[in-house]
Structures are given as structure tokens and as C-alpha cells.
Amino acid sequence: MHSLVKRFGPGLGSLILLGVAVWLVGMVLAPNLMMLDFSLRPNLTPAQIGGPDDHYTLVNFSALFADPVHRAIFFKTIWASALVMLTTLVVTYPMAFWLAKVATHRAVAWVTVALIIPFWINEVLRTLAWYILLAFNGPLNVVLVGLGILDTPMRWFGDAGVLAGMVYAYILFMLFPVYNSISTLDSAQIEAARNLGASTIQIHRRIVIPHAKAGIATGCVFTFMLAAGSYVAPALLGAPGSRWFTEVIYNWFFEGGNWNRGAAYALVLLTLCMVVVMATLRIFKVNLADVAK
Amino acid sequence: MTRSVELIDIEMTFGITRAVEKLSVTVESGEFFSILGPSGCGKTTILRLIAGFMQPTAGRILIGGRDMVGIGANQRPTSMIFQSLALFPLMPVWENIAFGLEVRGVPKAARRRRAEELLDLIALPGYADRMVHELSGGQKQRVAIARALAVEPQVLLLDEPLSALDLKLRQHMRSELRSLQKRTGVTFIYITHDQSEALAMSDRVAVMSAGILQQVATPRELYANPRTAFVARFVGETNAFSGKVERIADGLAVVETEHGTFLGRGAAGLKAGDAATVYVRPEAISLGTGAGGNGLDALAEQLEFEGATAMLHARTEGGQPVMAALPHHRLTDAPPAGARVRLSFEPAQALVLAHA
């Protein structure tokens with residue numbers, strides 16, 4: 001704060017501080033406090049609001065864990081998001097290593113452009129492209145049946161479709177942090193390890209991955225949060241058996257008209273995401289400031 | 001002596017650039033062998049070829065008599081000390097040293113024991129659990145050496161490992177490396193652009209320039225009998241007078257230059273009419289007429305006191321600079337700047353090489 005005033009002068013300095021404060025209070029703190037307030041009140045008709053029934057209660061939270069379907073969807077969302085995170089990491093890591101340590105400058109430029117261009121298109125439309133690809137009579141099934149790998153077309157919508165759609169949607173959020181951290185590794189370390197007799201797997205396990213830890217943790221945190229909060233991919237590529245917790249929240253708000261229940265569910269999801277983020281950072285022994293970089 | 005590393009007709013090209021021209025070298029077992037040359041001469045390429053980080057475009061590499069074709073960098077009996085040292089910053093010192101044993105599946109207790117033995121060898125006992133960033137430059141250097149020795153390599157490859165150290169430490173590490181090499185008996189192949197380093201430590205030195213192997217010889221031989229103009233100029237200080245060979249008599253070449261006619265030892269194959277250069281070391285040039293028969297007139301410019309000797313910088317009438325190293329006892333009658341001096345040197349101390 002002192003350095004801010006020093007650099008921009010008292011006038012502009014306090015203006016910047018004020019802007020940040022307004023943003024934090026108005027855009028972050030206030031909506032969440034309102035959500036908290038909503039979640040702690042029962043769902044009442046307009047006439048009952050302010051009446052004797054309008055008091056704080058935990059009924060909206062207990063309802064989530066009392067309802068077996070919602071509870072199951074909640075826990076499924078957690079492990080499925082973790083699966084999305086792991087799959088994205090597994091898909092991305094070799095590419096990130098290749099880009100950072102193997103590819104020529106020219107190849108890096110081309111591949112980066114090729115990876116970014118699809119993200120110029122809206123997320124809904126990108127997911128719609130997967131919807132077309134994975135459709136029962138879509139290109140994927142035609143190719144697989146044509147090649148004789150499948151006898152009959154597969155129904156991809158459901159867990160597989162959601163996983164594919166999400167991994168694709170969040171790949172850059174994993175790729176860039178991992179790529180950045182690997183590219184700061186001195187290539188001589190890889191050569192030194194190889195020279196001392198290490199196999200490729202040993203080099204990655206002992207040298208590259210420990211070095212890229214912060215990037216991997218950052219990518220994992222991003223991907224997990226995005227996956228847990230995703231709506232488009234499960235809505236388009238899912239099946240009734242692969243419902244996502246965000247869909248349940250959406251339904252409470254827009255179909256069920258029960259904002260209080262929706263708010264409670266949303267807060268539980270938020271809390272869970274925070275717990276997972278903190279746990280991941282603890283496991284990787286990375287602090288939040290490293291991730292922010 | 002057995003052969004440790006043999007390079008047979010090695011060639012290396014990157015795209016259209018030729019990093020190493022066809023060359024063959026044999027390094028004997030237990031030898032301290034240096035490859036000396038300016039940056040970009042291909043010396044690091046040769047080291048990386050031996051280590052297996054690159055495959056030669058043509059030719060064969062044998063280590064301990066075994067052909068290295070198809071044998072990966074992690075399978076070769078070599079171990080390398082990198083210019084940047086490339087110690088692993090996330091591991092403590094002992095894990096760094098024992099890394100090569102760890103990847104070979106040696107149990108932890110044995111690894112630790114070996115690391116501590118090596119720490120004793122490099123005179124850093126008690127440093128096992130330090131982190132790399134806690135060490136000084138010289139200590140890091142020694143840990144890198146211990147790490148490379150831990151895998152008991154047949155050949156240790158050193159890529160200018162002393163270049164990052166300050167002068168005092170560099171001189172100290174020089175003698176330490178030399179004695180370590182003698183104690184362990186491991187073949188050292190040492191890359192450097194610093195000729196004094198190469199001359200001080202090596203059993204033999206290979207001089208390279210622009211991808212071409214110029215000469216392989218002992219340091220004394222290299223200094224006394226450089227075989228090419230590049231070696232003559234690159235190794236040690238020298239004076240060069242260009243001219244034309246008039247005739248050859250009794251192994252001595254008579255060379256006509258614009259600074260006078262000089263006699264010198266003619267290189268093999270030199271014949272009358274060749275364009276050639278006479279090379280004379282500064283310490284072979286003395287003040288006065290001397291006994292030699294080779295003499296030239298010059299104008300003294302300045303005298304640089306260097307301790308044991310003083311370097312007299314002079315200039316001939318033709319404008320060519322001449323250096324003469326004056327021994328300590330001659331300093332009293334050293335000419336002042338601007339004085340006309342007569343310099344002389346013996347034919348036996350002068351070497352005549354034909355222009356390439």
C-alpha cells in the first residue's frame with residue numbers, strides 16, 4: 001500500500017486502492033454474503049417474508065445430504081472433476097514437455113497457435129462441436145465402425161462425453177502453467193541426469209516433475225475448479241446418468257424457483273472447491289502466491 | 001597403455017554448418033587429455049558426441065574398445081561435468097552425489113555411505129545434508145566432481161568447468177583436478193578455451209579451430225613445435241613475420257621479409273618459393289645483437305612489468321609490433337620509450353611454417 005502511494009502519488013494511489021476495494025466489496029464480498037443469507041433462510045412465499053417463519057435455519061444444507069440423489073451427484077461431481085483434472089494432466093504433460101524442451105521455436109509457435117485458435121470460439125459452440133462428433137450417427141462412430149474397431153455405434157454421451165468435452169475445454173489451463181514451469185528447467189539438468197544413467201521415466205520422476213511442481217499444482221487447481229463449476233459440457237454431452245452438481249444448482253434457481261436451496265448447494269460447492277485447492281497446494285507444498293504468478 | 005576413447009573419422013554437421021571436420025584421435029587410458037580451442041571451434045560438440053548426447057554424422061566412437069553406436073547417453077561408461085555444473089537444486093548434496101547410484105537401484109544406506117566417502121575425497125565432510133544453494137562456487141564444483149565420480153566412469157568429460165570461478169580459485173581447482181585425476185586413474189577429457197589451463201594440467205592437448213583438428217601433442221611439444229599457424233598463434237604469445245622462403249640450407253630456411261632476412265627451423269615439406277611466416281616466442285628475442293644472426297631494428301614503445309619478466313613492446317619500421325620478454329637481470333638497461341633498439345634471436349628458436 002505504501003509502495004502504491006509512493007509510485008503513483010497520493011491522489012492516483014488512493015483512487016486505485018478505492019477501485020480495488022469497490023471491486024472486492026461489491027463484486028466478490030457482497031454477492032457471496034447475499035448467497036450466504038439466502039442459503040440460511042427457508043424458502044417462503046412473498047407474503048411470509050418478514051413473518052414468524054422467516055428465521056435462520058440449516059434446513060437447506062441438511063436437505064442436500066438427506067437427498068440420496070443429490071448427495072450422490074455431489075460426490076460424483078467431486079471425483080469426476082478429479083478425474084478430469086488427472087486426465088488433463090496426463091494428456092497435457094507430454095505435450096508441455098515436448099513444447100518446452102524438445103520442439104524447435106518454429107514448431108512451438110505453430111502448435112501454440114493451433115491450440116489457441118479453437119479457443120477464439122465460444123465455449124458453448126466448441127462443446128457443440130463435440131456434441132456433433134460424439135453423436136450416435138456422428139463422425140466418430142462412423143470412423144470406428146468403418147475401421148472395424150466397433151461392431152455397432154457406441155453411445156458416447158454420458159460420462160465419456162463429459163470427460164472428453166471437459167478435458168478439451170480446459171486443456172490450455174493445464175498446458176500453459178505446466179509448459180511455463182518446465183521451460184524454466186535448465187536443460188543441462190536433464191542431460192546430467194541422463195549422463196548419470198537415469199532412464200526417461202527416472203528423469204521425469206526425479207528432475208522434471210519436482211521442478212515443474214508449482215506449474216502442475218496451478219494447472220490442477222484451475223482444471224479442478226473449472227470442471228467442478230462446469231455447466232455446458234455436462235448439459236450438452238451428458239446423459240441422465242451423468243448429471244453434474246451445477247445442473248442441480250441451476251435447476252433449483254431456474255426451474256424449482258427455490259433460490260435458498262440453490263444458494264446453499266452453491267456454497268457447499270464453493271467450500272468444497274476451496275478445500276480441494278488448499279489440499280492440493282498442501283500436497284504439492286506450493287503456496288498460493290506461487291500459483292498466482 | 002590401453003586405449004580409452006577412440007574417435008575414428010568422426011564428422012559432425014548441423015544442417016549446412018560443419019561443426020567437426022573429419023578427425024581421428026585416440027585418448028589413452030588414465031590420461032589427462034585436453035581439447036583446446038576458441039569458442040565455436042567444435043570442442044564441445046566432440047565432448048557431447050563422446051557422452052552420447054548427439055550421434056556423429058559419420059565415423060565411429062569407441063570407448064574401452066567397445067563401439068558406442070546405438071548406445072544411449074545413459075548407458076555409456078562416461079560421466080560429464082557441465083559448464084553450468086547442472087547440480088540438482090531440489091536435492092541435498094548427498095542425493096546429488098548418489099543420483100547415479102540411485103538410478104542404478106543401489107539401496108539407500110549404501111548410497112549414503114558412498115556419498116559420504118566421496119565427500120571425504122573432495123574434502124567436504126559433513127556437507128551431506130546441505131542444499132546446493134548453500135555451497136560456495138568452489139564447493140559446488142567439487143560436489144559436481146564427486147557426483148560424476150560416484151558412478152565410477154571409465155572416462156570423465158569436463159566441459160570448461162572452471163570458467164565460472166575467479167582466478168585464485170581456478171588456479172587452486174586446477175591443481176586439485178590434476179591430483180584427483182592421478183589418484184583415481186580415470187581418463188579425463190577436458191574442454192577449455194584457456195591455453196594456460198590446458199598446458200598446466202594436461203598430459204596431451206588437442207588444438208582445434210573451426211572444426212578442424214590442428215595438432216595433438218604434449219604441452220611442451222605444442223609450445224616448442226606448433227605444426228600450424230593457428231597453433232603457433234593460439235598457444236602462448238608469439239611474434240610473426242611473413243615473407244617468402246628464399247632457400248633451404250641444412251634444415252634452416254632463409255625467409256625474406258619486409259623486416260629483414262631471417263633464418264629459422266623449416267617445417268617438413270617447406271621448399272624455396274613458398275609463402276611462409278617466421279614465428280618467434282617473445283622470450284627467445286633478446287636485446288642487442290646477440291649471437292644469433294637474426295636481427296631487426298625497432299622502436300621501443302612501452303615496457304610492461306610482469307614480475308619475473310618484463311614485456312617490451314616495440315614496433316619495426318614497417319609498423320609491425322614486436323614483443324620481447326626481458327629477464328629480470330636485464331631490466332636495468334631496458335630501453336626507454338621511443339629509443340631505437342636492436343633485437344636478435346637465434347635461428348634454432350625460430351620456426352618457419354608455410355602458409356596454408
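First, the ground rules. The model is predicted: local features need pLDDT of at least 70, side-chain atom pairs count only at pLDDT 80 or more, and totals for chains, interfaces and linings use all residues. Residues are numbered from 1 along each chain as its sequence is written, chains are lettered from A and ligands numbered from 1 in the order in which they are written, and side-chain values use heavy atoms, with hydrogens and water left out.

Take residues 128-150 of chain A: 61% helix, 0% strand, with end C-alpha atoms 24 Å apart. Now residues 214-237 of chain A: 88% helix, 0% strand, ends 32 Å apart, again by C-alpha atoms. Helices (H or I, at least four residues) and strands (E, at least two) are DSSP runs, numbered from the N terminus.

Is A:Thr77 buried or exposed? A:Thr77 is buried, at 2% relative accessible area. The cut-offs: buried is under 20%, exposed is over 50%, partly exposed is in between, with a 1.4 Å probe and protein chains only. Leaving out residues up to four places away in sequence, A:Thr77 touches A:Ala228, A:Trp244 and A:Phe245. Contact means heavy atoms within 4.5 Å. A:Leu269 is 192 residues from A:Thr77 in sequence, yet 9.5 Å away, C-alpha to C-alpha.

Four strands of chain B form an open, antiparallel sheet in the order S2-S1-S4-S5. Strands S2 (17-28) and S5 (66-67) of chain B are at the edges with a single partner strand each, so one side of each has no neighbour in the sheet. Helix H1 of chain B, residues 43-51, packs on this sheet and touches S1, S2 and S4; its direction makes about 120° with that of S1(B). Those axes are lines fitted to C-alpha atoms, for helices over the stretch in contact, and angles run from 0 to 180 degrees between N-to-C directions. S4 of chain B joins S5(B) through 2 bridges. Pairing requires at least two DSSP bridges between the strands. B:Leu62 has B:Asp67 as its bridge partner in S5(B).

B:Ala86 has a positive phi, near 55°, in the loop between S6 (78-81) and H2 (93-97) of chain B. B:Ala210 has phi near 50°, also positive, in the loop between S9 and S10 of chain B. B:Ala86 is buried at 3%, whereas B:Ala210 is exposed at 57%.

Finally, the interface. How much area do the two chains bury? About 1700 Å², 57% of it on carbon and sulfur atoms. That is accessible area (1.4 Å probe) lost on putting the two parts together, summed over both. A:Asn195, A:Leu196 and A:Arg206 supply 42% of chain A's share, more than any other three residues. There are 3 salt bridges across the interface. The criterion is a Lys or Arg side-chain nitrogen within 4 Å of an Asp or Glu carboxyl oxygen. A:Arg206 forms a salt bridge with B:Glu95, at 2.8 Å, N to O.
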